Amino acid sequence: MNPHFQARLVNEPFGDPALYVAFTFRRRALLFDLGDLRPLSPREILAVEAAFVSHTHLDHFCGFDTLLRLHIGREKTLALFGPAGFIGQVEAKLAAYTWNLAPSFEADLVFTVTEIESDEAGRAAEFRLRERFARRDLGPVVIKDRTLVAEPDFRVRFAILDHGVPCLAFALEESRHVNVWRNEVEALDLPVGPWLADLKAAVHRDEPDDLPLRIHWRDETGEHREREHLLGELRRRCLSVVPGQRIVYVTDALPHEANFRAIVELAKDADFLFGEATFLAEDAEVAAARGHLTACDIGTLARRAGASRLIPFHFSPRYSERAEEVEAEAGRAFTGETAG
Ligand SMILES: [Zn+2]
């Protein structure tokens with residue numbers, strides 16, 4: 001089954017960090033970081049419904065203005081997530097402009113902003129165009145399982161990294177695909193019908209194998225029929241469960257073991273790991289002083305995590321003539337050709 005998402009970096013590896021994730025066949029998208037967004041089309045930007053900001057260094061947040069500019073005049077709610085202090089920073093961005101005409105605008109644009117203070121707690125605030133983007137505090141937010149957004153198709157989780165300042169890494173986790181083998185359903189002398197949706201839902205909820213499932217239907221003669229099967233039996237015979245895609249975004253982290261552990265845990269078995277490779281290992285001291293990973297670090301972490309693919313990015317401009325070297329270093333560490 002096709003994955004629900006297509007992820008791509010907005011800029012080339014020397015450009016600002018921003019990952020655009022489009023939902024296949026739907027006009028919905030997510031952004032991870034808000035660096036320079038100008039390469040995106042207005043149509044692509046208007047499809048964005050949530051942005052996850054790792055931290056507010058300029059190159060990760062300056063694209064907020066592009067997002068704001070294009071959405072003025074649209075009736076829409078945009079969800080923004082960022083680290084501790086983020087609400088105040090969004091407030092400051094919005095306060096930089098004059099909104100005297102905004103109360104008369106027909107379409108209201110709303111930002112709901114959540115800042116993450118710890119793995120369990122955050123706070124939220126709302127900014128409405130028609131209220132001239134005056135801050136409206138929504139109070140504390142309880143966070144469970146480090147999950148920021150949970151929908152039937154996917155969820156977004158985070159890890160708090162240390163970049164000198166708190167910096168968030170994100171994982172977009174697609175739900176499992178549950179496919180039905182119709183011939184097996186028919187072989188059990190069961191109808192294809194709405195009960196299959198209940199069966200799939202039970203599998204998504206991770207219900208135990210011994211859960212009884214009562215199936216009701218009317219046969220050709222209109223007679224009511226009913227049977228009971230155990231979930232485990234139906235799962236084994238009638239379903240194939242394919243794990244969903246995991247897309248992980250990691251950028252700006254000090255190269256120390258606590259960060260490494262957090263990154264490996266978040267990126268475990270990722271299908272795609274987008275990871276910063278800001279410096280070459282030969283400049284490891286500069287990397288540590290500026291709170292960044294080297295290409296060798298991210299390659300090693302991708303290998304430790306068992307990621308399937310590593311896409312290194314956020315290269316320092318000092319290597320503008322040496323992009324292949326950065327890529328090669330990350331690739332060697334990823335495949336285990338160099339000890340890291
Ligand atoms: Zn930074």
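A crossing of two helices is left-handed if the near helix is turned anticlockwise from the far one by less than a right angle, and right-handed if clockwise. In this sense, helix α3 passes helix α4 in a right-handed crossing. The model described here is predicted, so local features need pLDDT of at least 70 and side-chain atom pairs count only at pLDDT 80 or more, while totals for chains, interfaces and linings use all residues. Residues are numbered from 1 along each chain as its sequence is written, and side-chain values use heavy atoms, with hydrogens and water left out.

The axes of α3 (residues 64–71) and α4 (residues 86–95) come within 11 Å and cross at roughly 55°. Here, axes are lines fitted to C-alpha atoms, for helices over the stretch in contact, and angles run from 0 to 180 degrees between N-to-C directions; helices (H or I, at least four residues) and strands (E, at least two) are DSSP runs, numbered from the N terminus. The two helices are therefore oblique to each other, given that angles under 35 degrees count as roughly parallel, over 145 as roughly antiparallel, 65 to 115 as roughly perpendicular and the rest as oblique. Their contact (heavy atoms within 4.5 Å) is made by F64, D65 and L68 of α3 and V90, K93 and L94 of α4.

A second pair, α10 (residues 295–305) and α11 (residues 323–335), has axes that come within 7 Å and cross at roughly 30°, which makes α10 roughly parallel to α11. This crossing, too, is right-handed. Residues from α10 in the contact include A295, I298 and R303, and those from α11 include V326, E329 and F334.

W195, L199, A202 and V203 of α6 meet L231, L234 and R235 of α7.

Turning to the metal site, the zinc ion is coordinated by H55 (NE2), H57 (ND1), H163 (NE2) and D252 (OD), at 2.2 to 2.3 Å. Donors are N, O and S atoms within 2.8 Å of the metal (3.2 Å for Na, K and Ca); water is not among the atoms, so sites may look incomplete. Along the chain, the donors follow the spacing H-x1-H-x105-H-x88-D. H57, in the loop between β4 (48–52) and α2 (58–61), and H163, in the loop between β10 (154–162) and β11 (166–174), are 106 residues apart and link distant parts of the chain.
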